[in-house]
Structures are given as C-alpha cells and as structure tokens.
Amino acid sequence: MRIASTILAGVATTVSVAVLLALIGGGLSLPIAAGSFFCGACAGFFAWKRTNDDPTSSPNQWDVMMFVVFALASLRSFLWLIYPSGDFLMVQSANNLGDISKHLQIIRYLAAGASFWPESPFLVGAPLNYYIGVDVWNSLLLLCGVPAERGLIWVGLAASPLAAWALWRWGGALGLAVFLFNGGLAGFQVFQTHEVIDFQSELAWKNFFLAMFVTQRGMLYALPASLLLWSAWRESFFRGRNIVPAWVCFLIYATMPLFSAHAFLALSAVLAGIFVFQKDARLKLLIFVGCAFVPATLCAYLVTGGFSIESGLRFLPGWMQGNAGVWFWVLNFGISLPLMAILAWKIIASDDPELRSFAWIGVFLFIVPCFVAFAPWEWDNTKIFLWSWLLCAPYVWKHLILPLPVAARYGLCFVYFFSGAISLAGGLINKTGYHLVRISEINEARAALENVPPLATIATEPHHGNPVVLLGRPVVCGYEGMLWAHGLEYKDKWSILHDALSKDPGWENQLRELGVTWVYTQQGGLVFVPPQEAVQD
C-alpha cells in the first residue's frame, strides 16, 4: 500500500492546501500552485516513510488477466479521451460530450484566478456547488504549464493503475471484474445481432468503467482512495495489522467531500457498520470521526455552496423501472440480484463481524437507492450502487462463488460478467468518436474574446460544445441538462438569456441586471452591452 498511500496523501494535501490558500489569497495562482505541490510532496514523503509493507500475496493468473484488461481499457479511453481529427475536436465516449466540456470550463476558469469560493462558471450569480477536487488538481497543472486537455489525459492515465491496484487489493480479480463488467442480460443480444456494441448504453444500469470512471473526474481519486481506506480499515480493525498511518486515513476521509460526496457517504456508512458490529473499534472510531467532523463539514459546506444545493432527495420506489416492472430488474441486473439476496442470507446466518460490517453496508447501499432518489436526475443513484457492488465483491467471491465446484464457478462467472464484458468492449471499439466542437470555432472565439477580461461573464448559446465554454469563460447559463442535474435554479436566467440571444425588446437591460456586458454568438460575433451608468452618461 506504500505507493498508493504516498500518492493519495500527496494529492489530498495538494488540493486541500490549494483550496485553503485560494480562500485566503482570493484565487489560484502560480505561487499557490508551487506551494501546494511542495506541501503535497512533503505529505507524500512522510506517508511513504510511515506506511508499512503490504502482506498481500502476489497476483495469480486471473489477477494478471484482469490487470491487462483494465490497462487496455484505460489506454483506449484516456489516450483518446479528447483528440483532434481534421478541424474537429473529438471525444472517444458519447458519455463525455457534456462532462468533458464542464471540466475544461472549470479547470480553465479556476486557473484564470476566479475568486474563492468561486461563483459558478455555468450559471451567473450562483455558487459553484460541485466537487472540484480533481479539477483543482488539473488547474494547478495548468498554472504550471501543462495544457488543460493534456492534463486530463495524463491524470486519467496516472489514476488508472492506482485504481486497478486498489480494486485488486480490496476484492482480487473479482473486484476488478465487478467494476469492469457490471451488467445484466443486455449483452447476450450479441448472439442475435452478431455485433459488439455497448448494449447497456441506453439502460439505467450502465457500465461503471465507461459511464463513471472515464467521465466523472472525481472518481479518478475517489475510487482508489476509498478502496485504500476500506482495505486499511479491514486490516486494522479485523486482522490486527496497521499498515496505513492513521493520519493518512484521516486526511483522505476528511477531505473526501472535495472530490466526491457519494464516496464520502459510502465511507461514512462503512465506518457506521464497523462501529455497530466490531465493539473493539468503537472508541477509535469515535475519536476518528469526531476529529474529522469539522474539516469534512467545512469541505461539504464549500462544495454545496453553503449547503444551498437542491438535493433532489425524494421517495422513488422502483428507481428507474417506470412501467417495465420486474423485467427492468432482470434485464439490468441479471444474476446479480439473486446473488445479492443469497449474500444477505449468508450475512444473517453468520456471526463474522467483518462480513457484517462491510457486506451488510453493501446490501444496505443497494436497497436504499432502489426506493429513494438522491439527486434531481435519478440515474445519479448509480453513484451509490457502485459502492454497494464494490463493498460486496470480495464476500460474493468468498462465500458464494469460491465454494462451488470449478465447472459451476466458471459457469456462474460467465453469466455474471459476460453481458458487461460485451458492453465494455462495444464502448471501447468505437472507431469514429464523437464531435465536440470545431477547432476553427475555438480559434475564432479565442480571437474575439482576446481583450475581454478572463472572468467576465458571457451571454452565449447554452450547449456543451460552445467554444466559449471550452475556453473556460463563465457564461450566463450552461447547457440545460447539466443545470437541471445539478439542482440549480436556472429558469429565470435561462429566459433572460433566450431574450438576449433573440434580441427581444429590453434584452440589454435584462443582461445589465445580471451584471453581464458581453454577448458572443457564432453568427454575430462579440457584442458589448455598456453598463447602465455608461448609457446614462
């Protein structure tokens, strides 16, 4: 665990120090980036010195095979994460058309010196209620001279082996397979169509690797960091081996809200499970959580805009099943559901505190999102289902699959993972990519905005491929799907933006009320709207 502990402690420290210094100094800058990286390097050095050797056995042939699959998937996804093709800037994954635009905007916006805590670059006048930890990291790289697009690729490539190791360290080959090949029955259509595509792309239960690891930048840190903590807590509280220093665990846990709220909730749920089922750990956990409460709450306060974000929390039995009924669950999850039910029965019949502490929480984190939506977009519940799947993975293997005869074991794994494997392959072999924006449009927008202050809000068309957005400029409204999914109150400003772009009567005054003095459209170019006092003069 020494390398993982070093890297994750370094990243957590770098980002935390950068946010703190930006709050004090008003925004990110090159000196803050240099100071933050120095502090991160020091934290990483001490983590390396204090982390003990890992007693885990060497990988077997199945582990190696899964490492190879993860490596190939990562290379394909991140080397072609964003790339030029003729006059087009392309992305490899359709899932990334909206997400990568948002991240490029945030990265460049923060690096331009946005005042901390920043206002939202995609909704004028609103706080930035987003988990920006990894984007802060990329902004620091940008300030140090690494281009934003290249930084996205490098961070993805660097995070991939760390995530693969953490998945294996927690759940072995099955842990890697659960993450890479999650699926139900949809992929079996390949025997009818004879075409390898991502059959899960239109379903609720999408491939974890394609739909989250490649697109959700916070996952690049949150996945290995959370799995490291689970492994460290398992060793410490159930096996009597303190491998990762307590201060590293504290640092990662307390700052996790900067990177992923869902990961922080899953980590907190695991701590609650250990507290309930492992009596000897209770005092240590009370001290640990008590010390982490204030910094974790402050981090959560920042990324939710002072707890102003609309949670979208509501009762939603059946999750996304709609009118599909039972078939929704059969198609999406296949054999996974009966395996989860059998595991729950095993837990009830067992008095093993480790099994109860982790697997019960895994089952709980699956059941609750089936009845409660945690965000305006109900698909976001998948970000909780993910942790359920991973928590249960080593115990599904140990208690359900491993005891079977070899032939039955192979057959069960085939049914368990075949559909997801087909969907992963189908998502990766797409040769054409997807158009994000024309490079010439970016160059035109860059030239037009050359003399506009970098933090001035622009009224422009609200779509994810807008060059103004990709250049990191704050805009009146980003594209509607993102605004709605983030729980933002945007309707009034959306209406004002529509009036301004349509040049409806009074549009100039409406923009002035929002403090906006620039309009950019690809048809009309850049238009300056003088402030009210200038008009009066």
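A pocket is here an open set of points on a 1 Å grid over the protein atoms alone, with protein on both sides within 12 Å along at least five of seven lines, and its lining residues have an atom within 4 Å of a point. A volume is the space filled by probe spheres set on the points, which are joined across faces, edges and corners. The model is predicted, and totals for linings use all residues, whereas local features need pLDDT of at least 70. Residues are numbered from 1 along each chain as its sequence is written.

Two or more lining residues come from each of α4 (96–111), α11 (261–277), α12 (282–303) and α20 (480–485), helices being DSSP runs of H or I with at least four residues and strands runs of E with at least two, numbered from the N terminus.

For the second largest pocket, the volume is about 990 Å³. Among its 37 lining residues, Gly-171, Gly-172, Ala-173, Leu-174 and Trp-397 lie nearest the centre. Helix α6 contributes the most to this lining, namely 8 residues.

An open sheet of mixed pairing contains 3 strands in the order β6-β7-β8, where two strands pair if DSSP finds at least two bridges between them. Because β6 (458–459) and β8 (525–528) are at the edges with a single partner strand each, one side of each lacks a neighbour in the sheet. Strand β7 (residues 518–521) runs antiparallel to β8 and is joined to β8 by 4 bridges; Tyr-520 faces Leu-526 of β8.

Key. Predicted model: local features only at pLDDT ≥ 70, side-chain atom pairs only at ≥ 80, totals over all residues. Heavy atoms only, no water. 1 Å grid on protein atoms, 1.4 Å probe; cavity = no way out; pocket = protein on both sides within 12 Å on 5 of 7 lines; lining within 4 Å.
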